[in-house]
Amino acid sequence: MSVATLGHQADHGHADGHDDSQAAYLERTRRNRLGMWLFFASEAFIFIGLLAARFYLWVDEGGQMMRPELDQVVGLIVTVVLLLSSYFMNRAEVSIANNNRRDFLWSLVITAILGTIFLVGVIIFEWGMLPFIFEGHLKPSDGVFGAVVFGMTGMHALHVLSGIVLIGNVWWLGRKGHFSAERHWGVEATAIYWHYVDLVWIFFYPALYLIGHAYGVGH
Amino acid sequence: MSLFSLGLVRAIVGQILGMLTGMATTMLIRVMLGLPAWAAEPSWTVGAIFSIIGALWAVGALSDWAKWMKGEETPMHHGPPEGKPAWTRYFGVDYNHKVIGVQYTVWGIFLLLVGGTMALIFRTELAESGRQFLSLELYNNFIGMHGFIMIFAILLGIGGMANYLVPLMLGAEDMAFPRLNALGFWFNVPGSLLLLSSLFIGGWDAGWTAYPPLSARGPIGYQLFFLGVFAVGLSSIVGSLNLLVTILQMRPKGMSLFKMPIFCWAVFATSLIQLTATQLIGLSFLMVSTQRALGMGFFDPGLPGATLMTGLGDPILFQHLFWFYSHPAVYIFILPGLGIISELLPVFSRKPLFGYKWIALSSLAIAIVGFLVWGHHMFVSGYAPVLRYAFMYSSLLVAVPTGVKFFSWLGTLWGGKLTFETPMLFVLGAISVFLIGGLSGPILGTVPSDLPLHDTYFVVGHFHATMFGGFVFPFFAALYFWFPKVTGRMYNETLGKIHFAIMTPAFWVQTLGQMGVGVMGMRRRIADYDPTLGGGSIEAWQLSITIAGFLIGFGVLLMLWNFFQSAEVGVLAGDNPWRSRSPEWQIPSPIPEHSFASPMVVHGEPYDYGLPEPYVAFAAAGDD
């Protein structure tokens, strides 16, 4: 088929992708940035859908808004830890913009550690994934409480996990000497992704832990 | 040349290996937890997830990202793969949007043929009352499969048109993110293969809407179906993201949004829906999937007397989440097609497009209003009665921007110097068919008339008219219209006209026949029906629908044969056989590797036919 002859045309040697000038880099970064925000807009619909399911389903026979009895201490700690981690993520981005590589790398490490504490808090302590604390914890199959709690925290934990992987990758590349004050889109993208995941939790935390009557408590 | 140098072959092998790896992993974990090693549901589910990654990995769609994570540079490769024949680039990962556009289109047509074959099989069963040759399980599987394979085919078809045309119409070198573009296409391959293979492990029998509780309890095929939809949904999301960035940031100097070719507006509106709403079908299917695999009872009411801790899930929630995507989805399917109609009419009328701004904004209006109407699919589902009024009025509102398009098309045709080449015929056919679909819409959108017609063949007739008028006819028009641009050769005009002459009346018979038997009381999704319906005339109606279906199938084969022949022996078309003002026709056919030898400069308006000033021109070589 002559469709295939497309490839035989001579290469005009265009300046695309190969262009290494700072102007071309900024142009690409502008596009990347818009793409990233569109990605966030898209992702928002998953989280809004989960929130909608939560407010639709956690209503008892009398029309009363309900919530399961989750561990308030764990909830508060992981929320504080995650909010704190956003500060260090921002510090990492500011540091590389100022060419301060030492602070850049250390801030990444602290962010990743705080993110891991969040994951441990949710998965080990809230889900009760260790056998000796498993008893008495909510299970995925525990009615709409179990389904929505594991749906929301699971979807969010997946994002936190991917964020930690990205931060680890940025740290590893940063140690090898990648990124500079002028060129650090990879750091910026990871940072706004991390802030975004953080922002989602700001909506999820009250929906899971605060809004509605605690089930079985003063009911 | 070894077979494995073809990306498609590697993708399929990678998918099978991924499936096996996923199953082995599941069994290992189960053994470690002290459970019996084999359990069908988790093994197939995890296997399916791994199979998608395996296919993408094997074909090489992920390799540049893997290199970035290792900090390696990935210079853009142009032209066909080194040391291989040029045609192999269509079977592997290629970053050129023109190649990706052809890949989308060809894979879409392949699925169109598969889905169409299934329709012809169950149409043959329906030609007579009583049961002929299809088992009830297979019948149920085929109607759902036909639906979703066709949805995939349509998504691929619009992906093909958008990826091929939008960068050319904007004078852009390529899409904003070429690697993401290739990944977006390759998601479709494992996705559609998972969907097709679900037939072999029990299939899924709840129809394409897959409502729980049926879908939460049916065979394992559902899991492959859900994950197949998930993969194709990811393709929609990354594809639309790419198109939005391309349209917003890669226009040449002087091309404001209201100076773009109108097809770009249609793609823009479509992409807004695809980017956002698609997440909701993914979420709703994921929720059913986890309900099946992990017992998470989102949609399971539980036993009588259940509490929030033991049940109280609600199947209606699924319908809300599902239709929040699946209603806007029909606008995803039709908006690009309506854009094609608006794009081609001025070319064959030699007149400006009537009311350009209104058409552009009506696409956007349909996209936005489309988010507010999902509940009209649920008039009989049992939600609060007050919602019926809200959704009825919002649904009828869609008729306004759609009407704007119709009047603009008429205004464009009015007093034009019309010529009737095959693309123009298909555009006119599209308008006639979409009119049938459009006029039957308000009948279903109005509560009192929907109640008796809900779940009858009237709905089937309405839906097929909107899909054929909004996608199939415009898509075929686009195939005929841009065939000379893609291949450099002209298709056979006589065969094209025969195709049109067969397909259009056949489709009228099909869609009006479907509406007719629906009014007689024929339910949708049943393999058998009462022969005394319609005073005993229903069998004659059913037979004519089936014959019409076969005629449409014959027409499509005729078109494909025409294309295969003409690509080899068709007369050379020249650069601009349609005397179009659009940028892609001002460059050579077939288009060289780098579409534009010099930057594009915008002079006039896109559709000012008859005025001497061109829409775009190219800076003389050396000017840049």
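Of the 219 residues in chain A, 34% are buried. The model is predicted, and the values below are computed from it. Chain A contains six helices and two strands, which follow one another along the sequence in the pattern α-β-α-α-α-α-α-β. The radius of gyration of chain A is 22 Å, whereas a compact globule of 219 residues would have one near 17 Å. Along the principal axes, the C-alpha atoms of chain A fill a box of roughly 75 × 55 × 30 Å. When contacts in chain A between residues at least 6 apart in sequence are considered, 76% of them join residues at least 24 apart.

Chain B comprises 18 helices and two strands. The globule rule gives 25 Å for 624 residues and the radius of gyration of chain B is 25 Å, so chain B is as compact as a globular protein of that length. The box filled by the C-alpha atoms of chain B, again taken along the principal axes, is roughly 80 × 65 × 45 Å. Buried residues account for 56% of the 624 residues of chain B. Among contacts in chain B between residues at least 6 apart in sequence, the share that joins residues at least 24 apart is 79%.

The contact between the chains draws 57 residues from chain B and 47 residues from chain A. On the side of chain B that touches chain A, two or more residues are given by each of α4 (97-126), α8 (221-249), α9 (262-294), α10 (315-349) and α16 (457-487) of chain B. Helix α9(B) supplies the largest share of this side, eight residues. By residue class, the side of chain B that touches chain A consists of 33 nonpolar, 17 polar and seven charged residues.

One position in chain B was examined individually. Leu572(B) lies in the loop that runs between α18 (538-569) and β1 (600-602) of chain B. Within 10 Å of Leu572(B) there are 12 other C-beta atoms; a residue counts as exposed if this number is 12 or fewer, and Leu572(B) is therefore exposed. With residues up to four places away in sequence left out, Leu572(B) touches Gly488(B) and Arg489(B). The C-alpha atoms of Leu572(B) and Val427(B) are 24 Å apart in space, and the two residues are 145 residues apart in sequence.

Key:
Residues numbered from 1 in each chain as written. Chains lettered and ligands numbered in written order. Predicted model: local features only at pLDDT ≥ 70, side-chain atom pairs only at ≥ 80, totals over all residues. Helix = DSSP H or I, 4+ residues; strand = E, 2+ residues; numbered from the N terminus. Rg over C-alpha atoms; globule rule 2.2 N^0.38 Å. Buried ≥ 20, exposed ≤ 12 C-beta atoms within 10 Å, placed from the backbone. Contact = placed C-beta atoms within 7 Å. Nonpolar A, V, L, I, M, F, W, Y, C, P; charged D, E, K, R; others polar.
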